Amino acid sequence: MRDARMVNVAVGRETGNVDIVFKNTAYSKLTIQLLPVRGSRAMTNSRVAVLPLGSDLGAALDYRIRGSGTNFSVDHIAQGDYVLVAMADFQEPYGETRTSIISDSYPVRIHDDTNVTIPVLEPVDIPGQVAPAGGLDSGTKVRLQRVDTDVTQTFSADVDSAGRFTLADVGIGTYDVYVEGLSQAFYLRAVSPASDSREIGRIRIDNGKPRYFDQRSLRWLLASSMLISIGRDSGTLSGNVTGSGKPVPGALVVRVPDDPQARIRVDRYLTTYSAADGAFQIQNIPPGRYTAFSFERIEDDIYFDADFNTQVASLGRAMTVSPGEKKLQDLDFITVEELARVVR
């Protein structure tokens with residue numbers, strides 16, 4: 001995929017000279033050795049999976065390869081890009097056996113015979129607390145989303161009435177933390193140990209303990225449990241979308257955070273469409289600085305792209321949403337033609 005050629009398909013225009021050429025496939029040998037981290041307990045029935053890019057780690061068993069113990073190999077693998085991950089079996093207290101991920105995802109490009117060593121470690125259970133717990137709905141959940149462009153993996157846990165939860169069987173890796181099912185006006189403020197600094201809501205599981213990224217010190221901090229702070233002072237943005245002095249219905253309204261740390265989080269981007277009279281409203285906005293846009297049409301989710309945001313910044317409205325503020329701001333309609341003049 002990384003060698004693929006990008007093709008731009010413009011509205012109403014023919015795209016030519018897109019030839020697909022088949023070539024002979026080259027093969028190599030892949031050898032993998034697992035390296036248990038010191039202090040890890042014995043792991044039984046260890047396995048290694050070689051997955052295509054974009055796979056869900058929940059399907060890792062479908063891609064297991066030959067080998068046992070700590071040594072694995074594929075004698076005839078097509079050259080290209082893959083993701084490696086290790087698994088092992090663990091005995092539950094009630095007698096059942098579970099298969100768990102015991103390594104981080106390991107991207108590898110195979111263009112010749114390749115040897116890889118992968119550190120492995122038993123997964124951990126992460127207890128935590130959502131605070132304040134008052135006002136949480138019964139269906140509230142905490143979700144971990146693996147931060148990885150090559151594979152996907154999700155963990156989730158129910159939050160009880162006291163705000164407590166336990167995320168079970170989480171393997172080595174870096175994860176974004178989300179809280180689902182929050183009431184209106186609530187939002188995830190920070191994920192951290194006890195600290196007054198702002199976090200980016202990301203944890204790293206490494207060496208058997210969760211670590212949290214502290215924005216003040218720019219370091220990963222060790223903690224024995226997870227503390228999720230919930231804000232109750234979100235703001236609201238309302239206004240009208242107009243073009244050539246007239247209201248514009250059906251415009252896509254997008255609010256993009258200015259904070260680079262907030263831009264990595266999907267829940268910091270909120271969208272809506274203008275009504276028949278051009279009016280719009282976006283609720284549950286965490287306090288902070290934003291740029292708001294109203295587009296006629298754009299590619300799905302392209303507003304997550306930093307280069308795109310830089311190019312269109314002059315077309316939007318910069319604003320600050322204060323805690324609990326009900327902000328009024330009209331937006332200028334951005335047509336496809338106007339967008340094409342600033343986007344390369």
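1. Two residues are in contact when heavy atoms of theirs lie within 4.5 Å. In this predicted model, T166 touches D125, I126, P127 and A157, with residues up to four places away in sequence not counted.

2. T166 belongs to strand β14, which covers residues 164–170. The residue counts as partly exposed because its relative accessibility is 45%, and partly exposed is the class between under 20% (buried) and over 50% (exposed). From T166 to L57 the distance is 21 Å, C-alpha to C-alpha, and the two are 109 residues apart in sequence.

3. An open sheet is formed by four strands in the order β4-β5-β1-β9, with mixed pairing. Its edge strands, β4 (66–68) and β9 (114–120), each pair on one side only. On average, neighbouring strands of this sheet are turned by 20° against each other, direction ignored.

4. How many bridges join strand β1 to β9? There are seven, and the two strands run parallel; β1 spans residues 27–36.

5. The largest pocket holds about 930 Å³ of space. Its lining consists of 24 residues, of which N8, V9, E299, I302 and V343 are the closest to the centre. The elements that contribute two or more residues to this lining are α1 (306–312) and α2 (336–342). The largest share, four residues, is supplied by α2.

6. Which classes of residue make up the lining of the largest pocket? By class, 13 residues are nonpolar, nine are charged and two are polar.

Definitions and conventions. Residues numbered from 1 in each chain as written. Predicted model: local features only at pLDDT ≥ 70, side-chain atom pairs only at ≥ 80, totals over all residues. Heavy atoms only, no water. Buried < 20%, exposed > 50% of the residue type's maximum accessible area, 1.4 Å probe, protein only. 1 Å grid on protein atoms, 1.4 Å probe; cavity = no way out; pocket = protein on both sides within 12 Å on 5 of 7 lines; lining within 4 Å. Points joined across faces, edges and corners; volume = space filled by probe spheres on them. Nonpolar A, V, L, I, M, F, W, Y, C, P; charged D, E, K, R; others polar. Pairing = 2+ DSSP bridges. Axes fitted to C-alpha atoms, helices over the stretch in contact; angles between N-to-C directions.
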